[in-house]
Amino acid sequence: MKKFIVMLSLIAIMVGLMPISAKADTYYDVSPEQSEWIAKDGGGYYINKKFSVSKTIGGFVYITMIETNNVEITGEMVGTNFELVNKEETANGVAYLLKLKDGVTLSGSTEAITVVANIVDPDKKECELDYSPQGLSCVEFGGNYFDKDGNNVSAQEYEASCNGTPTTPTNPSDVPNTPDTGSVIPYIAIGGGLVAILGVYLYTRKSNKVYKI
């Protein structure tokens, strides 16, 4: 019984030593700031809604603006520290992919984008423009690809990371002799399995001994 407990303890230690893969951070700490209704020349009203962020995912911000109530998005103004990579209309709004300009580092809350939206019916005296920050794990957006960790990669690397499609080296000399994954999980798993098998064998062997009287 003691050997069995020791064996289980060894297996638990092996599992505990396995590193946990970190997922890409999907939070940008978005700070929205909406203006009052602004009168348009010729009649009607519009609003500006500014969105600031304090961090990015590898320099990118992926966010969807939602026309929830009595608003229609008509345009946007990108913050001075960002550039607009792509935008796409959705069923109820617009999705934006932004990128920090080269050499820029965020230090606190920084304007990423200001969205302009018309008030559809001024008589309603109400409006609502919502937003939804999006993660970048295994995302393809307007020809831009992100792997499972949210890194901006090529289409081939995206397929390998997200769909399990192996990459093909362009040069045979690029094929490594051994997989260089930087991960110790396979070796720990193999070692832990061998220890577990050996422990079960020794315990079973001792338990099945027949003692002569």
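Predicted model: local features only at pLDDT ≥ 70, side-chain atom pairs only at ≥ 80, totals over all residues.
Reader: Happy with that. How many salt bridges are there by the rule you use?

Author: The rule asks for a side-chain nitrogen of Lys or Arg within 4 Å of a carboxyl oxygen of Asp or Glu. By that rule the count is three. One of them joins lysine 50 to glutamate 33, at 3.7 Å from N to O. Lysine 50 belongs to strand β3 (residues 45–53) and glutamate 33 to strand β1 (residues 31–34), so this pair ties together parts 17 residues apart in sequence. Strands here are DSSP runs of E with at least two residues, helices are runs of H or I with at least four, and both are numbered from the N terminus.

Reader: And what does glutamate 76 form a salt bridge with?

Author: Its partner is lysine 87, and the closest N and O atoms are 3.0 Å apart. This pair also links distant parts of the chain: glutamate 76 sits in strand β5 (residues 71–78) and lysine 87 in strand β6 (residues 82–90), 11 residues apart.

Reader: Which residue forms a salt bridge with lysine 99?

Author: That is aspartate 102, with 3.7 Å between the closest N and O atoms. Lysine 99 is partly exposed at 23%, while aspartate 102 counts as exposed at 71%. Lysine 99 also lies over the face of phenylalanine 60, at 5.7 Å from the ring centre. For a charge to sit over a ring, NZ of Lys or CZ of Arg must be within 6 Å of the ring centre and within 35 degrees of the ring normal.

Reader: That brings us to rings. How many aromatic pairs does a search of the whole structure find?

Author: A pair of aromatic rings is described by the distance of the centres and the angle of the planes. Rings of Phe, Tyr and Trp (its six-membered ring) pair if their centres lie within 6.5 Å; planes under 30 degrees apart are stacked, over 60 edge-to-face, and the rest tilted. The search finds five such pairs. Among them, phenylalanine 51 and tyrosine 131 are edge-to-face, with 5.2 Å centre to centre and 65° between the planes. Because phenylalanine 51 lies in strand β3 and tyrosine 131 in strand β9, the pair ties together parts 80 residues apart in sequence. Phenylalanine 51 is buried at 1%, whereas tyrosine 131 is partly exposed at 30%.

Reader: Why is the pair of phenylalanine 60 and phenylalanine 146 edge-to-face?

Author: Their ring centres are 5.0 Å apart and their planes are at 85°, so the pair falls in that class. Phenylalanine 60 is in strand β4 and phenylalanine 146 in strand β11 (residues 144–146), which places the partners 86 residues apart. Phenylalanine 60 is buried at 4%, and phenylalanine 146 is buried at 0%.

Reader: Which cysteines form a disulfide?

Author: A disulfide is a pair of cysteine sulfur atoms within 2.5 Å. The structure holds one, between cysteine 138 and cysteine 162, whose sulfur atoms are 2.2 Å apart. The torsion about the S-S bond is about -100°, so the disulfide is left-handed. Cysteine 138 is in the loop between β9 and β10 (139–141) and cysteine 162 in helix α2 (residues 155–162), 24 residues apart.

Reader: Last one: what is tyrosine 62 in contact with, leaving aside its neighbours within four places in sequence?

Author: Contact means heavy atoms within 4.5 Å. The partners of tyrosine 62 include Tyr28, Tyr96, Pro133, Val139 and Phe141. Tyrosine 62 lies in strand β4 (residues 60–69) and is buried at 13%. Proline 133 belongs to strand β9 (residues 128–133) and is partly exposed at 33%.

Key. Residues numbered from 1 in each chain as written. Heavy atoms only, no water. Buried < 20%, exposed > 50% of the residue type's maximum accessible area, 1.4 Å probe, protein only.
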